[in-house]
Amino acid sequence: MPASALRKIFDPFYTTKAPKDGTGLGLSISYGIVSDLGGVIRARSSRNGARFTIELPLAEAVTA
């Protein structure tokens, strides 16, 4: 995946697919969910495509 695409992949409606093959919303929605949970999602190119890393904070223990 080229660096130019990596800068845009979390933008709504950005897609590298042909028209009618995707809306470009999946990664944008995923980014929003992870962010709302206080986490971070990152992407980087790999030999076989792209690698995504998601980091989420630990939940506090709930006591009854």
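What share of the 64 residues in the protein chain is buried? I found that buried residues make up 12% of them, where I take buried as under 20% relative accessible area, exposed as over 50%, and partly exposed as in between, with a 1.4 Å probe and protein chains only.

**Ground rules.** I am working with a predicted model, in which local features need pLDDT of at least 70 and side-chain atom pairs count only at pLDDT 80 or more, while totals for chains, interfaces and linings use all residues. I number residues from 1 along each chain as its sequence is written, and the side-chain values use heavy atoms, with hydrogens and water left out.

**Overall form.** I looked up the radius of gyration of the protein chain, taken over C-alpha atoms, and noted 15 Å, whereas a compact globule of 64 residues would have a value near 11 Å; the globule rule here is 2.2 Å times the number of residues to the power 0.38. Along its principal axes, the C-alpha trace spans about 50 × 25 × 15 Å. I then noted that the protein chain exposes about 5,300 Å², of which carbon and sulfur atoms supply 56%; accessible areas come from the Shrake-Rupley method with a 1.4 Å probe, and for residues only the protein chains shown count as cover. Of the contacts with a separation of 6 or more, 23% are between residues 24 or more positions apart, a contact meaning heavy atoms within 4.5 Å.

**Secondary structure.** I counted 2 helices and 2 strands in the protein chain, and along the sequence they follow the pattern α-α-β-β; helices (H or I, at least four residues) and strands (E, at least two) are DSSP runs, numbered from the N terminus. β1 and β2 pair in the antiparallel sense over 7 bridges, pairing being assigned if DSSP finds at least two bridges between two strands. A hairpin joins β1 to β2 through 2 residues, and I41 stands opposite I54 in β2.

**The loop between the strands.** R47 lies in the loop between β1 (40-46) and β2, and I list R47 as exposed because its relative accessibility is 85%. I also checked R47 against M1, 46 residues apart along the chain, and found their C-alpha atoms separated by 9.0 Å.

**The loop between the helices.** F13 sits in the loop between α1 (3-6) and α2, and I call F13 exposed because its relative accessibility is 59%. K20 is also found in the loop between α1 and α2, with phi near 75 degrees, a positive value in a residue other than glycine; at 86% relative accessibility, K20 counts as exposed.

**Helix α2.** Is S28 buried or exposed? I found S28 in helix α2 (residues 26-36), and S28 is buried because its relative accessible area is 17%. Leaving aside residues up to four places away in sequence, S28 touches F10, D11 and P12.

**Surface patch.** My last entry is a nonpolar patch on the surface formed by I29, I33, L37, I54 and L56, with about 500 Å² of accessible area together. Patches are made of residues with over 30% relative accessible area and no salt bridge, with like charges joined within 9 Å and nonpolar side chains (Val, Leu, Ile, Met, Phe, Trp, Tyr) within 5 Å; a salt bridge is a side-chain nitrogen of Lys or Arg within 4 Å of a carboxyl oxygen of Asp or Glu. L56, one of the patch members, is found in the segment after β2 (49-55).
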